[in-house]
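Open the model in your viewer and keep the selection tool at hand. We will go from stop to stop, picking a few residues each time.

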Amino acid sequence: MKAITVEASQQQWHRELAKRSKQAVEYIPLSQALGRVLAQDLIAQSDMPPFRKSPYDGFVIPYVANQQRFKVIGLIGAGEVFEGPVAHGEAVRIMTGAPIPADCDTMIMQERCEFDGTYITVRGDIVRGDNIVPQGEECSIGETIIKAGTYLDAGVIAVAVGLGYATVPVYEPLKIVVLTSGREILPVGEPLTAGKIYNSNLYMLTNLLKEHSFHEVTTHHVSDDPAVLTEEIALVSKLSKAADVIISTGGVSVGLFDSMPAIYEALGARELYNRVLMRPGAASYGGLIERGAGQYTLCFGLSGNPTAAYNGFHLLVLPILRHCQGYGRSELMSISLPLGAPIHKKNPFDRYVQGVITYTAEGAVFMPNRVFTSSALLGLAQANGLTKLEQGVNNYEVGDKVPVMLLKYHN
């Protein structure tokens with residue numbers, strides 16, 4: 001068997017994909033851009049802000065030393081421009097965000113002014129140049145503001161709109177096929193009979209993909225029945241023709257009815273590894289179907305056990321999906337946190353443990369799930385972090401610092 005560590009699997013994928021063509025680019029309206037990946041840099045088309053402006057409501061003046069009283073000659077609302085000259089001893093009332101007249105160099109907040117309808121009298125010292133937001137304070141025309149590879153979230157989209165972009169170039173979405181397998185699998189909603197389980201992995205994988213903005217997903221269930229293997233291969237082959245990625249769960253080990261390795265071989269996949277030195281999830285597969293002209297179909301076989309499949313998705317699959325989708329940074333964020341409970345477990349390989357990032361009076365801690373075996377399911381409902389226990393280190397105590405990969409941001 002070709003056994004490989006998680007880190008080595010990522011390195012091998014990057015080497016193999018060095019000649020892969022980038023995803024095609026399409027232009028879409030910003031109203032449809034949430035969750036997409038920017039394909040080209042966005043450049044400032046003007047200074048930001050494009051004019052000097054007032055940060056507050058108040059009055060603007062040409063500065064005059066030792067003068068506290070000014071005649072108000074006009075009003076500027078946001079979006080308006082005051083065209084007339086402003087002489088020394090005069091002021092213009094101004095609203096937040098409005099452009100400052102060319103003759104004015106100082107802004108006074110209205111809370112410091114007594115206004116009788118014609119004149120203002122300013123309390124306290126007036127500092128020349130106060131409260132003026134300069135043109136180009138945030139950026140100058142021609143600067144790169146948002147780099148290619150950026151995930152387009154609400155904040156990024158708001159900036160793109162502020163820069164004047166109505167449409168943006170994004171990478172076309174990956175087309176993904178998700179395969180579940182096993183004769184023991186039942187669709188949810190059917191009566192649960194002896195020896196059967198519901199197809200929770202189907203919902204887990206398709207929704208994990210959606211959570212990470214991969215929406216072009218087709219699904220199929222492989223029965224693992226040797227009598228219909230030829231038909232299954234033909235159907236999966238047809239589905240794979242237009243797929244960038246195939247992700248399967250189950251049927252990838254060495255059992256009598258594990259059919260996925262045979263299916264991947266029949267599809268023409270070149271095996272990169274068929275075992276990963278991690279627990280849970282050692283039974284994992286990676287392969288590549290070369291389509292020519294820089295086009296590939298990536299094949300990922302994950303364990304059929306829920307915890308193992310969940311971990312394998314985040315450790316083996318998701319970083320490579322992000323890389324192929326054009327993300328500037330493909331790895332997930334990881335932070336160092338103290339353990340909130342001890343873990344005593346033999347680790348002949350690196351072990352990955354799900355848990356909950358929670359908060360105490362002393363700060364954030366990582367509380368490992370009580371059950372973290374390969375087949376555990378219920379812990380998925382609360383896990384928002386994943387820690388790595390190093391190979392050969394069998395005892396971790398409360399307070400020991402561990403690296404924690406962030407899995408969710410809404411818990």
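Start by selecting K71 and Y119: K71 stands opposite Y119, which belongs to strand 9. Bear in mind along the way that this is a predicted model.

Now widen the selection to strand 5 (residues 69-76) and strand 9 (residues 119-122). The two run antiparallel and are joined by three bridges. Strands of a sheet pair through backbone hydrogen bonds, either parallel or antiparallel.

Which face does R69 lie over? It is the face of Y119, and R69 is 3.9 Å from the ring centre.

Six strands make up an open sheet in the order 7-4-6-5-9-8, and their pairing is mixed. Colour strand 7 (106-109) and strand 8 to see the edges, where each strand pairs on one side only. From one strand to the next, the twist averages 35°.

**Aromatic pairs**

How many aromatic pairs does a search of the whole structure find? The search finds four, and we will visit two of them. A pair of aromatic rings is described by the distance of the centres and the angle of the planes.

For one of these pairs, select F59 and F115. Their rings are edge-to-face, with 5.5 Å from centre to centre and 65° between the planes. F59 is in strand 4 (residues 58-61) and F115 in strand 8 (residues 113-115), so this pair links distant parts of the chain, 56 residues apart. Is each ring buried or exposed? F59 is buried, with a relative accessible area of 2%, whereas F115 is partly exposed at 34%.

Then move on to Y264 and Y285. Their ring centres are 4.8 Å apart and the planes meet at 5°, so this pair is stacked; the cut-off for stacking is under 30 degrees. Y264 sits in helix 5 (residues 260-266) and Y285 in strand 20 (residues 285-292), so the pair ties together parts that are 21 residues apart in sequence. Y264 counts as buried, at 0% relative accessibility, and Y285 counts as buried too, at 4%.

**Last stop**

Finish by selecting R322 and Y327. Here the charged end of R322 sits over the ring of Y327, at 4.2 Å from the ring's centre.

How values were computed. Residues are numbered from 1 along each chain as its sequence is written. This is a predicted model: local features need pLDDT of at least 70, side-chain atom pairs count only at pLDDT 80 or more; totals for chains, interfaces and linings use all residues. Side-chain values use heavy atoms; hydrogens and water are left out. Rings of Phe, Tyr and Trp (its six-membered ring) pair if their centres lie within 6.5 Å; planes under 30 degrees apart count as stacked, over 60 as edge-to-face and the rest as tilted. Helices (H or I, at least four residues) and strands (E, at least two) are DSSP runs, numbered from the N terminus. Buried means under 20% relative accessible area, exposed over 50%, partly exposed in between (1.4 Å probe, protein chains only). A charge sits over a ring if NZ of Lys or CZ of Arg is within 6 Å of the ring centre and within 35 degrees of the ring normal. Two strands pair if DSSP finds at least two bridges between them. Axes are lines fitted to C-alpha atoms, for helices over the stretch in contact, and angles run from 0 to 180 degrees between N-to-C directions.
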